[in-house]
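Hi there,

Here is the structure I promised to pass on. Have a look at it first, and my notes follow below.

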Amino acid sequence: MLTVSPRDRPFILTGAGVSAESGIPTFRGVGGFWRNYRIEDVASPQAWRRDRRLVWEFYSMRRRLASTARPNPAHFALTRLSRDLPRLFLCTQNVDDLHEQAGSRDLVHMHGELFKSRCDSCNRPPFEDTNLYEPPAEIPRCGCGGWIRPHICWFGEVPFELDRVYHALDRCTLFVAIGTSGTVEPAASFVARVFGRVRSVYLGPEEPANASCFTECHVGKAGEILPGLFAIGG
């Protein structure tokens, strides 16, 4: 059990393992060989330039899958924890909205948000979008003439809000990673950034690739472990 107080600054990182418990297939699992394409072939700037319709078909499929998912006990546990720990910083690699459905607010989606879109050419802010752009639907255009693309950080692009994320990492008093593989950068290096300075804890269905960097690892379902992991002290 982790004893924390309202004065603590926990940094919580969540990954695909958390969403998988709600029935959302992992990123690699959904698209490893989707229609005989590698995931990189439908989730990169090069793929977008090559075949926008194929990219949108892939992300429309992901939207359809995610739209039926509901939060699991791990999502709700983090929402409750954020109420007890006002300085908690929640960062997710997941692009679904399950944290928000569970009541979490002010989290960072470092890899983007599945149910948002943006223009590929101008500075128009990302906007809510649940449409499925599958054939015969046309790919929408922005008023500036650019194409509307998924608001997702693709391979070769820089994750969102990294300055804010690193600032929170450098100030945290506890680091917890939940359901992450420890292979996707830059998130895989977050625990190394705090190594030797704060307690670092991993929990998820299997040990991550960077397990040696953690103070402790708890192997199991996040929805079963997380609700009883924290004790709030004075």
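**What turned up**

Helix α5 has these buried residues: Ala74, His75, Ala77, Leu78, Thr79 and Leu81; buried means under 20% relative accessible area with a 1.4 Å probe, protein chains only. Please keep in mind that this is a predicted model, where local features need pLDDT of at least 70, side-chain atom pairs count only at pLDDT 80 or more, and totals for chains, interfaces and linings use all residues. Residues are numbered from 1 along each chain as its sequence is written, and side-chain values use heavy atoms, leaving out hydrogens and water.

Helix α5 covers residues 73-84; helices here are DSSP runs (H or I, at least four residues) and strands are too (E, at least two), numbered from the N terminus. At the start of α5, a side-chain oxygen of Asn72 comes to within 2.8 Å of the backbone nitrogen of Ala74.

Next, have a look at Ser117, in strand β5 (residues 112-119). Ser117 is buried, with a relative accessible area of 0%. Its side chain makes a polar contact of 3.0 Å with that of Arg63 and another of 2.7 Å with that of Asp129. A polar contact is a pair of N or O atoms within 3.5 Å; within protein, one must be able to donate a hydrogen and the other to accept it, and residues adjacent in sequence count only if both atoms are side-chain atoms.

Enjoy exploring, and write back with any questions!

How values were computed: The expected span of a helix is 1.5 Å times one less than its number of residues. Buried means under 20% relative accessible area, exposed over 50%, partly exposed in between (1.4 Å probe, protein chains only).
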